[in-house]
Amino acid sequence: MADCRRPDLMRTLSSMPHRKSLQRQISSPPLCSGEKGNVFSAWHAQVDNKGDGELQTDDDDGSLGHYAVVDSPRRRIASVRLVARHPEVYEPCDDSFALVDALLADKVNLLERQPSLCLEVGCGSGYVITSLALLMGGGHGTHYIATDISSAAAQVTCNTLASHGVEADVIVTNLVTGLEKRLAGSVDVLVFNPPYVPTPEDEVGAAGITASWAGGDRGRTVIDRMLAIVDLLMSSKGLFYLLTLTANNPGEICQIMKKKGFASRIVIQRSTEEESLHVLKFWREDVKDLSENGSPATLSNSLSAKISRLAFWR
Amino acid sequence: MRLLTHNMLSCNIKGVTKGFPLSIEVQRLDTKDADFNPDFLRNIFPKLEWKAFHDAAVSIGLNDIPEQVDPTMLEDHEFLQKFHHALLEVHLEEGALICPETGRRFPVTKGVPNMLLHEDEV
């Protein structure tokens, strides 16, 4: 793999944790082995400081300059190298990168909504909320809130925010407990990378890093708890980005949300050897999704059909 | 934890009707400079529970926040500076938030409030 020639990428990759699906299976740390699953990680380490979210290839000049500058005007998402770490906190991996790529891909739509309040539930390392705040830019008066059930994750998120010069309120809580009354109807952007790995129910919410991936039956236990409160939280123009695994049955999730009055579409679909990830986006059906350029919102049943075709590639 | 954060939190223990505002127990405060952004202040103003913000400010020793406000004050630079400082620059680093109905104490550690409930409180 060409990336491994670069010592800076070698360091980044050798510290990469396994993606959530592998956390249950393997306990030894991964190496930069050129395994297929690391392609996205390597790619993200390359492009994460490029400007304007454009997918550029690296010029391979060996320069480290653009990785090290904290407040470069070109920076648009968080730098993996500036993300704080803790042994009990899930580090940015393919799922985190897919979610940030989805936000980048939808950046024009996000900016057009002029969100007042953005909330990330389950912020972990802080990579996603930091990236969201950076890609939105600082001039819009947007308020960012991040929650995590793990106090170690909350501290790591604080450190990641600080190392990028980004402000957000970080709260230790279960999903949004303690915030729901005051935030009801006012969340404009909601982002959730849930514990999505199918596990026995008793592993859900367990201590330490397990809470970041243990998702119970079909990986849906925590996702379903969140789906039950999305309608309460979201503003009329709200957008909800949810990362799912094929095993979570994203088509069914879209049907559940449709009954609550939300339209949906896939922003990003990405497969590795271990898992097939989708980033789903939901918005209130009576509000036009600006990214659709006026065409009717994608129906959730056609989305289900698309997902079952994609599942072939698992 | 900034007073902005405090203004968004309430106690959600089973049986609690309002649980807001939480009173603040101070062990250690810190002041950190934040970028002055009038747009942010104007954006957040209508979302704040002003009385809760005012009372919280007084309880941590910030006495220059007026009790009564109206949106025209958002054009007054001097007011915006005081509002900015109290809302965004003073941090509760160590202490607790206390439910006005049950007295339940939610700890604030290294600037982060912990709102997790015990099983019998859900």
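Chain B has 4 helices and 4 strands. The model described here is predicted. Along the sequence, the elements of chain B follow the pattern α-β-α-α-α-β-β-β. Of its 122 residues, 48% are buried. Chain B exposes about 6000 Å². Carbon and sulfur atoms supply 49% of that area.

Strand S2 of chain B, residues 90–98, has two pairing partners described here. With strand S1 (residues 23–31) of chain B, S2(B) pairs in the antiparallel sense. This pairing runs over 8 bridges. One of the bridges joins B:Thr31 to B:Val90 in S2(B). With strand S3 (residues 105–109) of chain B, S2(B) again pairs in the antiparallel sense, over 4 bridges. Here B:Ile98 has B:Arg105 in S3(B) as its bridge partner. S2(B) and S3(B) form a hairpin, with 6 residues between them. In the turn, B:Gly103 has a positive phi of about 80°.

Most residues other than glycine have a negative phi, and most peptide bonds are trans. The peptide bond from B:Phe20 to B:Pro21, however, is cis. Its omega is near -10°. B:Pro21 lies in the loop between helix H1 (3–8) and S1 of chain B. B:Lys110 sits in the loop between S3 and strand S4 (112–113) of chain B. Its relative accessible area is 55%; exposed means over 50%, so B:Lys110 counts as exposed.

Chain A has 13 helices and 7 strands. It has 314 residues, of which 58% count as buried. Its accessible surface comes to about 12000 Å². Carbon and sulfur atoms account for 53% of this surface. Contacts in chain A between residues at least 6 apart in sequence were considered as well. Of these, 73% join residues at least 24 apart.

An open sheet of 7 strands is found in chain A. The strand order is S3-S2-S1-S4-S5-S7-S6, and the pairing is mixed. Strand S3 (169–172) and strand S6 (262–271) of chain A are the edge strands. Each of them pairs on one side only. From one strand to the next, the twist averages 15°. Helix H7 (residues 127–136) of chain A packs on this sheet. H7(A) touches strand S1 (117–121), strand S2 (143–148) and strand S4 (187–192) of chain A. The direction of H7(A) makes about 170° with that of S2(A). Helix H8 (residues 151–163) of chain A lies across S2 and S3 of chain A. H8(A) runs at about 170° to S3(A).

A:Ile266 stands opposite A:Leu280 in S7(A).

Two loop residues of chain A were examined in detail. A:Ser150 is found in the loop between S2 and H8 of chain A. The side chain of A:Ser150 reaches the backbone nitrogen of A:Ala153 at 2.9 Å. The relative accessible area of A:Ser150 is 16%; buried means under 20%, so A:Ser150 counts as buried. The other residue is A:Leu175, in the loop between S3 and helix H9 (180–183) of chain A. A:Leu175 is not a glycine, yet its phi is positive, at about 55°. With a relative accessible area of 12%, A:Leu175 is buried. Yet A:Leu175 is buried, whereas B:Lys110 is exposed.

Methods: Residues numbered from 1 in each chain as written. Chains lettered and ligands numbered in written order. Predicted model: local features only at pLDDT ≥ 70, side-chain atom pairs only at ≥ 80, totals over all residues. Heavy atoms only, no water. Pairing = 2+ DSSP bridges. Axes fitted to C-alpha atoms, helices over the stretch in contact; angles between N-to-C directions. Contact = heavy atoms within 4.5 Å. Buried < 20%, exposed > 50% of the residue type's maximum accessible area, 1.4 Å probe, protein only. Areas by Shrake-Rupley, 256 points an atom, 1.4 Å probe, with all protein chains shown as cover. Polar contact = N/O pair within 3.5 Å; in protein donor to acceptor, adjacent residues only side chain to side chain.
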